[in-house]
Amino acid sequence: MPDVVETEALSEEQFAELVDALGAQASGPAFVDGQQQLTLLLSEAHPHYNQRGAATVVRMRGWVLLSLARVGVTDDTLLYLLEELDTGVDPYLVAAAAKALRSYPKPNAALAPFVMRAINQIRYHNDPVSFESYGADALSSDATSPVRELLLTLAWLGPQARALLPELEALSGLPKKLQPEVERARQAIVDSEALDTGDCCSLPASLRSKFSWALGSRRDSQSIETTVFEDHDGATVTFKEFFQGQPSIVVFFYTRCDNPLKCSLTITKLARIQKLLDERGLADRIRTAAITYDPAFDLPHRIRGYGQNRAVRMDASHRMFRATEGLEALREHFKLGVNFIESLVNRHRLEVFILDDEGRIAASFERLHWDEQEVVDRAIEVLVERKVPDAVTSSEVAAGSTSQRRSISRTSSPVWSTLASLAVAFFPKCPICWAAYLSVLGIAGLNQIPYSPWLQPLLGVVMLINIVSVWLRGWSTGRMVGPYLVTAGLLAIIITRLSPSLNSLAVIGILMTLAGSLMSTLNADNQRRRASMKLEDSMPRVN
Amino acid sequence: MKIELQINNSAGPEARFVSWAPSPCRIRVTNPTGALMRIVSIKLTCVSSSTGGVVVFRQGATGSFSESLTLAVPINGTSVPFFVAGRFGRPSINNEDVRIEARAKLTPFGLPNTLVGSLKLMVRIRKNAESLTPGERDRLVAAFAQLNNQGAGRFADFRNMHTNTSSPQAHGAPAFLPWHRAYLLDLERELQAIDPSVALPYWRFDQAAPNLFTLDFFGVSAPNGAVQFSNTNPLQFWVTDGTPGITRVPLNNWVPTTQPGPGVITEAQTLALGNQYSVFRGMEGNPHGTAHTRWDGFIRQIGTAARDPLFFLLHCNVDRLWAKWQRQNARFDPAVAASYDSNASNPVGHNLDDTMWPWNGVTTPPRPPTAPGGAMAASPCVSAPGPQPQVKSSLDYQGSINAVSREGFDYDDVRFA
Amino acid sequence: MTTKKKATKAAKKRSSLATLSIATSQKKPAPARVAALAAAPLAATESDQNLQKVLGVLQNQDEPVEVRLAAMDSLAAAAFSVVAFESSRPDYIAALRKVSTDPNPEIRQRALSTLAGEKDGFAQKKLLEGLKNPDKALVPPEKALQLLSYDVHAEAYEVARKIVKDPPNEAAKQEGLRLLAGDAKSASMFEKLLRDKDELREVRQLSASALQALKPDKLQEHAREMLLDKSEFEDIQATSLTALKQFGDDENVSKDKALLASVDRLSTKAASSRYKKSARQFLTKFKG
């Protein structure tokens, strides 16, 4: 490994050397480490890309991809390659990604649509590229090109690309020079044996572009609560003021993005998300926000125009923002996949976030094209998660912690009320009795604790609160047996206080209180569960 | 007695714009006071200044036009239809510089000289940019600048409709001309929403243009290519892609104010390319492509061309040439094979019945991923081509085959019939 | 394909071949070859052979420059027909890159201009290299800055600032300023330039345009102040009028008596009839 140089100071040549060294390392015994280091270099936010121009970033990333193509691509890297095929418009990067894909251990049918999509997206911009050396200039069309590399990758996919055969055969207008590659790809698909139907047809499980965080595991948003935003009308609001209180869907963009597959499409899709929310009557319950990466340039009138031109709804709950201060904190909090040269973005990924009603990130969709319906579904899950704490939120929520919370909440209520009733029933009537109790309870050493007569009325208040809440619950559920039992139990306890000779009644009173409280709590739980099932039935199926 | 006149079958002032193609109109009596007959004879005439527009009339959907029209109009309020068109060769120069007067014969033996109603309108025509009056010119650039709104306005959609990504929708295949016709119409309607007196002019790239390339109009190119405008020209605030200014410089020692574009084939040569659309559309190369590449700067390439507003005047001339060819060869009917180049191998978006991107809102492949601008802008004067125009809707722009297809624009030197 | 269409296609092919044979024949006079290249740009897209012929002319340094330029223009015209040009594009881009280092400056400039319009990384790299190291410059600095401004992501802000601070010539300074009009950090610089009465009219006008893009509220403020300043030049006052008329807050402007009085003065006392007219139009809009 070369000596670590301050990353921002690396020249392009030094960066290339670093990548070559990592590549050499990855070819040797330290394969995993070298591979991982190379993969890390594909993150947009990596310090290496800070203060680099967009074209420089292209050269740097392309060289990393080519290095990975030489040493082999793993599941960790795959997402970056697919991202490039999915949303890339630079010929060099698309070509390098296509080449690198061929070093993935096993062709997979799930990769084929990415390859064909990339062909359609880049075909009219099929500029020659050179892989000979870092930053090599392609001065001849005999060098390679993105479409050529993609065709070679289709050939590599072979039978896994069978579903795309009609589309491949319909491709016309490509340069004559590429006809051999077209034919080769076609032959590879047609002549191959039957598909291996093992795990060939889905992307690796570890390849994740969608993430969820369970209710208890979300990072709080304290660090950015005071971040000030200016919206499309010039109105200011803090993060806390807008993003807390209701869940929200947040996208990032900037108006000078020149990749039509990224920001322009993102904001267009945001408008579609708003429409979906509106159709479900949720536009006032789930907020949407688009935040610019480029607040210095994207002034309110500019972001308003950008949004209007894409049919984005803009009102109190749906806004386009620029952060007038605290962009770095935002970047850190959201772990944004973006980097800059001065204030201008040099590269960014697709990223959508769903925040819960405390402004904490509950889910994200990264890098690959996301589906509007899916984002809306996920936001609805976040919306209902507090109303129905027992509802399953997503397949990635830790099942254990949820069920634990469930059982705790169910039993805690009657237990507390019963303890209060117990305490009232047996509260000592005099200091001597107080000392006796303490010694019985094994804390004789604490007989200096003074008799505290004020505890009795306090416990009485607690019991009263309990009985009121039980009655309220009873009225709301229509089930009154619980309240009747608790009331009877309370009366029994009061009688024992007034008439010590009827002490045995205290036990009955406590038991009735316990039974009544338990029944009341269970009835309420059942009703909430029925209500949430109704709510979920009226909404799209939640994964 | 009072009457109501409706132009384009609308009572609203926003619909009082006509071109060479006949506009359906109506007249009805709104207040019969003073009329002694159940049906009154009303004479319609045009009143205009020597420089203003002139309209002509006819009663039916066919037949010749005349300078006046006498109609028998019942006093019970029933509408009587008729048609109005601009008289070829006499377009308006200002809004409402033409007046239609209705004079009635209220008594059986009286003369038809009682003015019972009048209405101002405009014969709004796409003209040679060279012939615009200072007023027309100033209104045009002001509307353009407002549409651009320092880069934040609706013009950004038009810029984004014409990029490398979207180019296959409109270039190198048969729908090149129909698509650009729809594109210009959409832009023109947006300009008219700002100032209804504006019509898109054309740049005759096969002629010298001493008035167009001036500081007060579309600018003068500095030697290094930066286009300069006068301090009173709102185009000095033009912004596209986040960058102010326009880059445009004539190449090969060409002086556009005194010379036609070098190598650009003339109008006569263009019209002589052939009477089949499949051949005529080769004009995409020359004069169209050649006109683009007489310059260095934005207008030279597809990906940047729409950043320069001159692009729209260039294409207006391309469209005018097509319109003239259509008139010359009677090529308005999509059902006539020679009117279009239908092939099984035409890409999506280039077949007659295909809807055109971006107005169709389709963003799944092979269409581009976004559809800027939304549906086609509506017009208060006509219903065509509708929010999602098809390729074929661009052909019958005058309503020659089907009156409903009329799109509400005409060129100063292309007749209707 | 119908018989008629086949016949038409064949005729077209023959015509293209004839045109190309003139265009590529070194025995023909240059003007005839230039005319032939302009006449049928789409001929190059009809076959790979045709394309290579035209590319051959472009890349051949022994050919007359005007013929080579005509070949480049012809290909640029053909490139508009994207679908038809698809198979030609890779060779075209490669050829442009090659000739971007041609001995002839016009060839270089035109090639780099086309590549810059495509946001080609190769072209941007060459242009930046030339600005940082004049010995490697392929085009004059003002042209390099102008071409780099086609892409806001072209990492040219730093070098543009240097050139604006220490310009080799006025044109380079103005192109540097134009490029920096997309740089939010440069807003205060544009404010200074706008108010500097010693600056050239073009620079002040450019600054107004840049400030309107970067900080429109500021431009409106300055526009008003400049109109109230009787010692200010009329041309920049005219720009201020235009800015207020197009982008100002109509309500505020119509209530601003001092401003309207200044404009009134301009409408009668301005040296230029054009400025008087503009002032009168302004008053008509805001006073009625």
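Predicted model: local features only at pLDDT ≥ 70, side-chain atom pairs only at ≥ 80, totals over all residues.
Trainee: Is Gly130(C) buried or exposed?
Mentor: The residue sits in helix H8 of chain C, which covers residues 121–132. A residue is called buried if 20 or more other C-beta atoms lie within 10 Å of its own. Gly130(C) has 20 C-beta neighbours inside 10 Å, so the class is buried.

Trainee: What separates the centres of domain 1 and domain 2 of chain C?
Mentor: Domain 1 of chain C spans 18–59, and domain 2 spans 127–180. Taken over C-alpha atoms, their centres are separated by 35 Å.

Trainee: Which element gives the largest share of the side of chain A that touches chain C?
Mentor: Between these chains, 31 residues of chain A are in contact with 24 residues of chain C. Two or more residues of the chain A side come from each of helix H3 (54–71) and strand S8 (344–348). The largest share, five residues, belongs to H3(A).

Trainee: How many charged residues does the side of chain A that touches chain C have?
Mentor: Chain A brings 31 residues into contact with chain C. By class, 14 are nonpolar and ten are polar. The number of charged residues is seven.

Terms used:
Residues numbered from 1 in each chain as written. Chains lettered and ligands numbered in written order. Helix = DSSP H or I, 4+ residues; strand = E, 2+ residues; numbered from the N terminus. Buried ≥ 20, exposed ≤ 12 C-beta atoms within 10 Å, placed from the backbone. Contact = placed C-beta atoms within 7 Å. Nonpolar A, V, L, I, M, F, W, Y, C, P; charged D, E, K, R; others polar. Domains from an automatic or database assignment.
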